[in-house]
Amino acid sequence: MTDVSYETTLLVRDTCLCLATQRAARALARRFDDAFRPLDLTNGQFSLMMALNRSKPPSIAPLAEFLAMDRTTLTAALKPLERRGLITVSIDPDDRRGRLLRLTAKGRSLLAKALPIWKAHHAALDEQVGPADRLRRDLTRLVRRDADAEPKAARSRVPACAG
């Protein structure tokens, strides 16, 4: 067995895009979780509700794909929102096996209260790190490339730090 040198560990620490992205995502998640706490909302719930804010209700599969989540994780994330009366899950009349997801009036109201908080924190982030338009575009390209390049079964086998 060959040991991995500490220098290699430092190289991975300093160059791994996956690790850097995970750390940044956790820091941003904590920041927005703190901001949304007075509304009893997490950043993930805000993002999920925002993804449901559309004229035609989505079904689970396309929403999971958009959010880069597996369907089981998405279903679990929907449960607390449904229990609070913020969303409804109904049978798709065109495909009785499918479910359609809708924000309720209560959910739209909460989203409207959360939006100014989101805007203020994004403005503060832009002041702190500068406009993040390029980063957003690059991250979106990575998500699209990942979705186009790999079948779903292969995606689940990607190691935790692959970049």
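The protein chain has eight helices and two strands, which are DSSP runs numbered from the N terminus (helices H or I with at least four residues, strands E with at least two). From the N terminus on, the elements follow the order α-α-α-α-α-β-β-α-α-α. This is a predicted model, in which local features need pLDDT of at least 70 and side-chain atom pairs count only at pLDDT 80 or more, while totals for chains, interfaces and linings use all residues. Residues are numbered from 1 along each chain as its sequence is written, and side-chain values use heavy atoms, with hydrogens and water left out.

Of the 163 residues of the protein chain, 22% count as buried, that is, under 20% relative accessible area with a 1.4 Å probe, protein chains only.

| Helix | Residues | Residues in the contact |
|---|---|---|
| α3 | 43–52 | Gln45, Leu48, Met49 |
| α5 | 71–83 | Leu74, Ala77, Leu78, Pro80, Leu81 |

Contact here means heavy atoms within 4.5 Å. The axes of α3 and α5, lines fitted to C-alpha atoms over the stretch in contact, come within 11 Å and cross at roughly 95 degrees. That makes α3 roughly perpendicular to α5, a term covering angles of 65 to 115 degrees. The residues of this contact divide into seven nonpolar, one polar and no charged.

Thr104 lies in the loop between β2 (95–103) and α6 (105–129) and is buried, with a relative accessible area of 17%. A polar atom of the Thr104 side chain lies 3.0 Å from the backbone nitrogen of Gly107. Leaving aside neighbours within four places in sequence, Thr104 is in contact with Gly85, Leu86, Ile87 and Thr88.

Notes. Axes are lines fitted to C-alpha atoms, for helices over the stretch in contact, and angles run from 0 to 180 degrees between N-to-C directions. Angles under 35 degrees count as roughly parallel, over 145 as roughly antiparallel, 65 to 115 as roughly perpendicular and the rest as oblique. Ala, Val, Leu, Ile, Met, Phe, Trp, Tyr, Cys and Pro count as nonpolar, Asp, Glu, Lys and Arg as charged, and the others, Gly among them, as polar. Buried means under 20% relative accessible area, exposed over 50%, partly exposed in between (1.4 Å probe, protein chains only). A polar contact is a pair of N or O atoms within 3.5 Å; within protein, one must be able to donate a hydrogen and the other to accept it, and residues adjacent in sequence count only if both atoms are side-chain atoms.
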